[in-house]
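Here's a quick briefing to read alongside the model. Have the sequence and the 3D view open as you go.

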Amino acid sequence: MNITVIGGGNMGLTYALSIHKNFDNASISILEKDEHKITELKNTTPFSIYNKEADCLASADIILLAIKPQAAVLVFEKIAQLVTPEKIIISIMAGVTMETIKDGLQAPKIVRAMPNLPAQLGKGVTGYMISESISENEALQIQHILSATGKAIRVYKEDDIDAITALSGSGPAYVFYFMNAMMEQAKTYGFSENDAKEIVLHTFLGTSNLFENSDDNAQLWIDKVTSKGGTTHAALTSFKSDHLDKKIQKGVNAAFERAKELAKS
Ligand SMILES: NC(=O)c1ccc[n+]([C@@H]2O[C@H](COP(=O)([O-])OP(=O)(O)OC[C@H]3O[C@@H](n4cnc5c(N)ncnc54)[C@H](OP(=O)(O)O)[C@@H]3O)[C@@H](O)[C@H]2O)c1
């Protein structure tokens, strides 16, 4: 399997390294335009690094587009001639629709994927959608490739990519927001920044692990740890009276609406 990653930035490199780690048979090349980055990639990675499209795309079975969305049109113009119909194009560009990619490359086999930040540690969530011309065997291969950076969830309509963007794509910032609020409160009780981080971070990590290893849903867990008249009950009563759940949902939905708007523009 020959894979060319276009764009050797944060995400491009994340994918190249994750695929390299998970697939013995993957031959990976990176196409990058920044001279400094090219030198760095040559010195620090096991991949073949190119700066000319024609030198690496002809042999690619899969082309992974990891450039910024604003660079998409330019890259499409440069590579369209080299993209033959059997090649699979995987785009992780935020807000660039299947139709835009299909039109730009005149290629039938398109995958639009939306990863998130923890992909860098192999703990990401990626929602993806594939075009009709992709066979079920190829779809399986794509599922494996995208799973190299964490969980990969196939969706069947573009609206769901916007929803994934609003949930897991932007989600890490929501979690940081909640953690930050708790850390600020810890500091008002006199804990140092470092202790506040340890307390909050490990509360999140431990709770996530509990949830991961159990069949109980989140509400059941809340019920289990809340005794009437106790401390947790006091906090949850306060959250509920502020309709915090509705406010979080409203925020997620604002991200969903914005994702739809960006895809249109
Ligand atoms: N970071 C995330 O968590 C995340 C999550 C979901 C989706 N994404 C998507 O992932 C994509 C990449 O994000 P990133 O953070 O990795 O960006 P990045 O670090 O800026 O990497 C993009 C790289 O592509 C290079 N490039 C630009 N035009 C090129 C061309 N014509 N040929 C070859 N290389 C070219 C850029 O070089 P220059 O710097 O010289 O322009 C840069 O090194 C974006 O579309 C983003 O929407 C990211």
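Quick term first: helices (H or I, at least four residues) and strands (E, at least two) are DSSP runs, and their numbers count from the N terminus. Keep in mind that you're looking at a predicted model. With that labelling, the protein chain has twelve helices and eight strands.

**Overall layout**
- The protein chain runs to 265 residues, and 37% of them count as buried.
- Along the principal axes, its C-alpha atoms fill a box of roughly 70 × 40 × 35 Å.

- Lys33 sits in the loop that links β2 (27–31) to α2 (35–44).
- Is Lys33 buried or exposed? Lys33 counts as exposed because its relative accessibility is 69%, and the cut-off for exposed is over 50%.

**The nonpolar patch**
- Phe178, Met182, Phe239 and Ile248 make up a nonpolar surface patch of about 330 Å².
- One of these, Phe239, belongs to helix α11, which covers residues 231–241.
- Phe239 has 37% relative accessibility, so it counts as partly exposed; that class lies between the buried limit of under 20% and the exposed limit of over 50%.

Notes
Residues are numbered from 1 along each chain as its sequence is written. This is a predicted model: local features need pLDDT of at least 70, side-chain atom pairs count only at pLDDT 80 or more; totals for chains, interfaces and linings use all residues. Side-chain values use heavy atoms; hydrogens and water are left out. Buried means under 20% relative accessible area, exposed over 50%, partly exposed in between (1.4 Å probe, protein chains only). Patches are made of residues with over 30% relative accessible area and no salt bridge: like charges are joined within 9 Å, nonpolar side chains (Val, Leu, Ile, Met, Phe, Trp, Tyr) within 5 Å. Accessible areas come from the Shrake-Rupley method with a 1.4 Å probe; for residues, only the protein chains shown count as cover. A salt bridge is a side-chain nitrogen of Lys or Arg within 4 Å of a carboxyl oxygen of Asp or Glu.
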